[in-house]
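This briefing is for a reader who has not seen this structure before.

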Amino acid sequence: MKILITGSQGFIGKNLLEYFYDHDCYPFTRGENLYVTLRKFRPDIVINSAAEIYEPHKMWEPNIEFTKICLDWLVQNPSKKLVQLGSSIEYGMLDRAATERDPISPVDMYSATKGMSTLMCQGYARQFGLDVVVVRPYSIFGKYERPHRLFPRLWRAFTMDIPMTLYAGEHDFVYIDDFIRGIDILVNWAESTNGDIVNFASGIQTSNKRVMEIFEEITGVKAPVDYNPGLAKKFESTIWQCDTSYAKKQYGFSCNFTLEQGIENFLQTEEEVVHCQL
């Protein structure tokens, strides 16, 4: 199987490349011409994991234009498939667990651009009969996360005694191995998904403070973590949870790893990654 992966140098992209190592994968990176690459490589599957999260003026190309290029290519190659990575932030702030039936309600430019791409995927898929599925992940953690994110910062606090501030927050955490296995289910799904949306999450809401406590329980270390009961971002919510019933019923997806098991694995793999970088 030929698989083109955009965002191949990011957290999810690197894990996708490792998982699909026995396939013919093209690790697309920014700076290349996506349309030309699609024409030359002619993949069976496109996994569009490219995204700009933090800088609004850089969001147009990876968050919207890449999606349109992939969809236009699929119109010319309707036997191929697109797995589009969206985001749970597209739902905005809810007072309950989100479902795939909930409308888009952006709270910032990132959620707006990801929501626009979701709408394009649905429109193209339904008009042209394309095999396109949008995956909305919740809070993924694991190997190759960026250093500024919660789990790598906790790892440095607990293993290198580097002080940090931990803000309050609630998340539906998903270990990366579970998420990648979910992508594999969609890649090999035999029926046309026709613009479907599926949430990949654990269905369990956990506080950042509880995550810190699990690090303490596993390592036996009291790290230099200053806990701030306030929220770090204005769009943070005290409820950030997914209703996982559709993913389980339609695609047979549920998480195999508990949060504790995922953190145990993360502690080991993060040490391996850092050691390789030294």
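**The sheet and what packs on it**

Six strands form an open sheet in the order β2-β1-β3-β4-β5-β10, and their pairing is parallel. The edge strands are β2 (24-27) and β10 (196-200), each of which pairs on one side only. The model is a predicted one.

- Strand β4 (residues 81-85) pairs with strand β5 (residues 131-137) in the parallel sense, over 5 bridges.
- In this pair, L85 stands opposite V135 in β5.

**Helices on the sheet**

- Helix α1 packs on the sheet and touches β1 (2-6), β2, β3 (45-48) and β4.
- The direction of α1 makes about 165° with that of β1.
- Helix α2 (residues 34-41) also packs on the sheet, where it touches β1, β2 and β3.
- For α2, the direction makes about 170° with that of β1.

**Helix α1 against helix α6**

- The axes of α1 (residues 11-19) and α6 (residues 176-187) come within 10 Å and cross at roughly 65°.
- This crossing of α1 and α6 is right-handed.
- From α1, the residues F11, I12, N15, L16 and Y19 meet I176, F179, I180, I183 and D184 of α6.
- By class, the residues of the contact between α1 and α6 are 8 nonpolar, 1 polar and 1 charged.

**Helix α2 against helix α3**

- Helix α3 (residues 60-76) packs with α2 at an angle of about 35°, and the two axes are 10 Å apart.
- The crossing of α2 and α3 is right-handed.
- L34, Y35, L38 and R39 in α2 meet F66, I69, C70 and W73 in α3.
- The contact of α2 with α3 has 7 nonpolar residues, no polar ones and 1 charged one.

**The cavity**

- How many cavities of 30 Å³ or more are there? The count comes to 1.
- The volume of the largest cavity is about 70 Å³.
- Its lining is made up of S88, Y91, G92, L94, R96, A97, A98, Y138, I239, W240 and Q241.
- The lining residues of the largest cavity divide into 7 nonpolar, 3 polar and 1 charged.

Terms used:
Residues numbered from 1 in each chain as written. Predicted model: local features only at pLDDT ≥ 70, side-chain atom pairs only at ≥ 80, totals over all residues. Heavy atoms only, no water. Axes fitted to C-alpha atoms, helices over the stretch in contact; angles between N-to-C directions. Helix = DSSP H or I, 4+ residues; strand = E, 2+ residues; numbered from the N terminus. Left-handed = near helix turned anticlockwise from the far one by under 90°. Contact = heavy atoms within 4.5 Å. Nonpolar A, V, L, I, M, F, W, Y, C, P; charged D, E, K, R; others polar. Pairing = 2+ DSSP bridges. 1 Å grid on protein atoms, 1.4 Å probe; cavity = no way out; pocket = protein on both sides within 12 Å on 5 of 7 lines; lining within 4 Å. Points joined across faces, edges and corners; volume = space filled by probe spheres on them.
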